[in-house]
Amino acid sequence: SGSDFVEMFVGVGASRVRDMFEQAKKNAPCIIFIDEIDAVGRHRGAGLGGGNDEREQTLNQLLVEMDGFDPSEAIIVIASTNRPDVLDPALLRPGRFDRQVVVSNPDIGGRERILRVHMKNVPLAADVDVKTVARGTPGFSGADLANLVNEAALMAARKNRRMVTQRDFEDAKDRVMMGAERKSMAMTDDEKRLTAYHEGGHALLALNVPATDPVHKATIIPRGRALGMVMQLPERDQLSMSYEQMTSRLVILMGGRMAEELIFGKDKITSGASSDIDQATRLARAMVTKWGFSDKLGVVSYGENQDEVFLGHSVSRTQNVSEETARLIDQEVKALVQNAFDEARRILTEKIDELHILAKALLEYETLSGDEIINVIKGVAPKREEADSPRALGPAVAVPISPRPGPEPA
């Protein structure tokens, strides 16, 4: 019976492995499943703990057992890991683990099917569009999607609703991807204005660069660690980016900082662009060092100067970049980001009226969807039902419940 001995044998070592295979032979045909095999199956001879540590003996015993099989013995060993890169090569030889199945994060179709599984026990409103939710969650794993459905159900429960609506899924997705809304974080009017222009700059550039994903929403409600957000949704799962998409992305990232500078002047720029600058620098560095997008450095991959010793690689593996090359890399990275910055200035200066319109709309409505952004720029104000205010849960009332400030009618 397979489930009689689900064993944990990290730490008790070799004897435990021997016992387990003995039992498996008695119970054959039988499946042995080892989760997180990298706990025992790491590269031997990272050499830091001496060559005779507990884990190595466990691994050696495992290798011996897996090799000493009679083909007639009906024992199948299955193992899983998130770190195939640190496994000992001997484990992966044909004859030990013959098949390697890579389970990557699900694509859009897979996400839709996984969502449906998790939505089975959740009462859904008629407007829930599983395809849209799947499209908006690129890179999510199965566990992330389960969490998303759970969050959406919690959102509905908090509002005392019987059904989970599409809006709950949107809010849950925002919460999972961007962090919880921080209601307690009161922004001053100046900060709000600044954030509106900052996010407006991002959004406007996202509409005006040559290649990028459509804007999904822009918000100036503080979430997670950010004061505002512009979210873009890919049309499909992206497997690779073109040079044009990367340079466009750099321009969008510079948009917030640029908008602050153009509207408020250089001495009023805030630290709000720190994560933008961080992302842009990382992207530019990857373009230069990994993807060969710099003519001066050529199509060569330049490694970072440090490598983790404890990840089971040998101590001496450092691929050093020479001083001159490092300097050149820095120059090229800076040039890429600077070009993006100048391009952002050009576009925003040209479209400064649209920036004002967009920032005003963000100040008024706080969150705008992609279509609303495009319409606002054309001069169409977003329609808002007041359905999201807490008192809208009761019956609809034609007159406002709280008196409006102003002269009381006689």
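I started at lysine 217 and found that its bridge partner in strand 4 is methionine 231. My strands (E, at least two residues) and helices (H or I, at least four) are DSSP runs, numbered from the N terminus.

A note on what I am reading: this is a predicted model, where local features need pLDDT of at least 70, side-chain atom pairs count only at pLDDT 80 or more, and totals for chains, interfaces and linings use all residues. Residues are numbered from 1 along each chain as its sequence is written, and side-chain values use heavy atoms, with hydrogens and water left out.

**The sheet**

Next I looked up what stands opposite lysine 217 in strand 5, and found serine 369. Threonine 219 has threonine 367 as its bridge partner in strand 5. For pairing, I need DSSP to find at least two bridges between two strands.

Put together, I have an open, antiparallel sheet of three strands in the order 4-3-5. Strand 4 (229-232) and strand 5 (367-369) are the edges; each has a single partner strand, so one side of each lacks a neighbour in the sheet. I noted an average twist of 10 degrees from one strand to the next.

Is strand 3 buried or exposed? Five of its five residues are buried, so the rest of the structure largely encloses this strand. Buried here is under 20% relative accessible area and exposed is over 50%, with partly exposed in between (1.4 Å probe, protein chains only).

I also checked helix 12, which lies across strand 3 and strand 5 and runs at about 120 degrees to strand 5. My axes are lines fitted to C-alpha atoms, for helices over the stretch in contact, with angles from 0 to 180 degrees between N-to-C directions.

Valine 251 touches, among others, Leu205, Ala340 and Ile347, leaving aside residues up to four places away in sequence; contact means heavy atoms within 4.5 Å.
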